[in-house]
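Thanks for asking me to look this one over.

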Amino acid sequence: MAEKKKKSSVLVNTLVLFVVTLVAVLALAVVNQITRGPIEQAEINARAEIYKVVYVDAENFAEVENTDSLLEKSGEVLEGAGFGGCSINDVLAVESASGEVQGYVIAATSPSGYGGDIQIALGIKTDGTITGFDVVSNSETAGLGSKCTEPEFKDQFAGKPATKLEYTKSGASADNEIDAISGATITTNAVTEAVNAAIVFYQDSFGGGVEEVEEADPMEKAFPGADLSSLAEVPVTDGEGENYTVDSVSQVGSDGYIITVTAHNGYDGDLQLALGIGNDGIIKGYSAIVCNETPPLGGQCASDEFAAQFTDMPLGEVSYVASGADKNNNEIDAISGATITTKAVLTAVNGAVEYYNTQLKGE
């Protein structure tokens, strides 16, 4: 009898414990359901405190539907657009008081800064206009790259279209251009890279697809305005020089020539360039055809900004200076932190100039 009472007592205690546990779990679920919304909103508000400077007119910030899948997919999207080293860290929607989506704030990181990673935040309206830009974190050199955090640099982005941006050292003159930070090309390149990664993410996720940017024909860049259909190939003779090889020569009517040269002394292998030389004794243009140099350093030799230094330069042996180059004296600014690449470029350029003077001039 005592044994039956004992079993009954255990059963009752177990049942009571089960009921108490069930009630506690249900109560916790109810509390969690009640508090989840405010907690999630508090997290959004905390992120918004960082980002609202780039979207000052924002009334509300909200989570984007399928954020996790969008961020996961972004790596492949950036890789396909040429920004594989970058990453998208966060995205929030900007809503009106009525809940209508007005734009987005996107955080992106470039690993190419002089001091390491640079994380930025970019605000973009649904009409594709940039509302603002800010640097969330960086380790750039004080007084140089750190100027990316100053209003003079940051304020350039507001109002620009959300299309691929470029930087220039000669004064921004187009909607897709910003002024580089003086003496901090590597930082400027990294910031521009992160901004463009954010723009690509916006285009792919919310803008109807990544904008196709048509690359100019390298021969057109080497000799702007040339009728490429009328180029006539000229046989190459005695095209070997110290650390370079003349690969091909094309005659541009009676205007001049496009000479393609490979330099063999690049930092990361051969560097192939095309140089346009006019019969009027002026360099018409420069184009990098094969460039395996490190993107944030020597890779700048393929940028339009670097190429522009050669356009309209008088024909002659070209040299480089640290900064403040005088084109009329056949000088270019060296690529900061990439002296070997700069020397390789000049090996190819001067090889083309020498070939023109010894093999083509006067023909």
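1. A word on the ground rules. This is a predicted model, so local features need pLDDT of at least 70 and side-chain atom pairs count only at pLDDT 80 or more, while totals for chains, interfaces and linings use all residues. Residues are numbered from 1 along each chain as its sequence is written, and side-chain values use heavy atoms, with hydrogens and water left out.

2. The overall picture. The protein has seven helices and 16 strands; helices (H or I, at least four residues) and strands (E, at least two) are DSSP runs, numbered from the N terminus. Of its 363 residues, 41% count as buried. Here buried means under 20% relative accessible area, exposed means over 50%, and partly exposed is in between, with a 1.4 Å probe and protein chains only. Looking at contacts (heavy atoms within 4.5 Å) between residues at least 6 apart in sequence, 52% join residues at least 24 apart.

3. Helix H4. This helix covers residues 185-205, and its 21 residues should span 30 Å at 1.5 Å a residue; the expected span is 1.5 Å times one less than the number of residues. The end C-alpha atoms of H4 are 30 Å apart, which agrees.

4. Helix H7. The 22 residues of H7 (residues 339-360) should span 32 Å, and the end C-alpha atoms are 30 Å apart, in agreement with that. Just after H7 comes glycine 362, with a positive phi of about 90°.

5. The second largest pocket. A pocket is found on a 1 Å grid over the protein atoms alone, as an open set of points where a 1.4 Å probe fits, with protein on both sides within 12 Å along at least five of seven lines; lining residues have an atom within 4 Å of a point. The second largest pocket holds about 280 Å³ of space, where a volume is the space filled by probe spheres set on the points, and grid points are joined across faces, edges and corners. It has 14 lining residues, and Lys169, Ser182, Gly183, Thr185 and Ser323 lie nearest its centre. The lining divides into five nonpolar, six polar and three charged residues. In this count Ala, Val, Leu, Ile, Met, Phe, Trp, Tyr, Cys and Pro are nonpolar, Asp, Glu, Lys and Arg are charged, and the others, Gly among them, are polar.

6. Serine 287. This residue sits in strand E13 (residues 282-290) and is buried, at 3% relative accessible area. The side chain of serine 287 reaches the backbone oxygen of proline 218 at 3.3 Å. Beyond its neighbours within four places in sequence, serine 287 is in contact with residues including Pro218, Lys221 and Gln272.

7. Two aspartates. Which side chain does aspartate 134 meet in a polar contact? The partner is the side chain of lysine 154, at 2.8 Å; a polar contact is a pair of N or O atoms within 3.5 Å, and within protein one must be able to donate a hydrogen and the other to accept it, while residues adjacent in sequence count only if both atoms are side-chain atoms. Aspartate 134 lies in strand E5 (residues 130-137) and is buried, with a relative accessible area of 15%. Aspartate 247, in strand E10 (residues 244-252), is partly exposed at 35%. Its side chain makes a polar contact with the side chain of threonine 262 (2.5 Å).

8. Glutamine 119. You will find glutamine 119 in strand E4 (residues 116-125), buried at 19% relative accessible area. Threonine 109 is ten residues from glutamine 119 in sequence, and their C-alpha atoms are 4.2 Å apart.

9. Two asparagines with positive phi. Asparagine 243 has a phi near 70° and belongs to the loop between strand E9 (240-241) and E10; at 37% relative accessibility it counts as partly exposed. Asparagine 330 has a positive phi of about 60°. Asparagine 330 lies in the loop between strand E15 (319-321) and strand E16 (331-333), and is buried at 11%.
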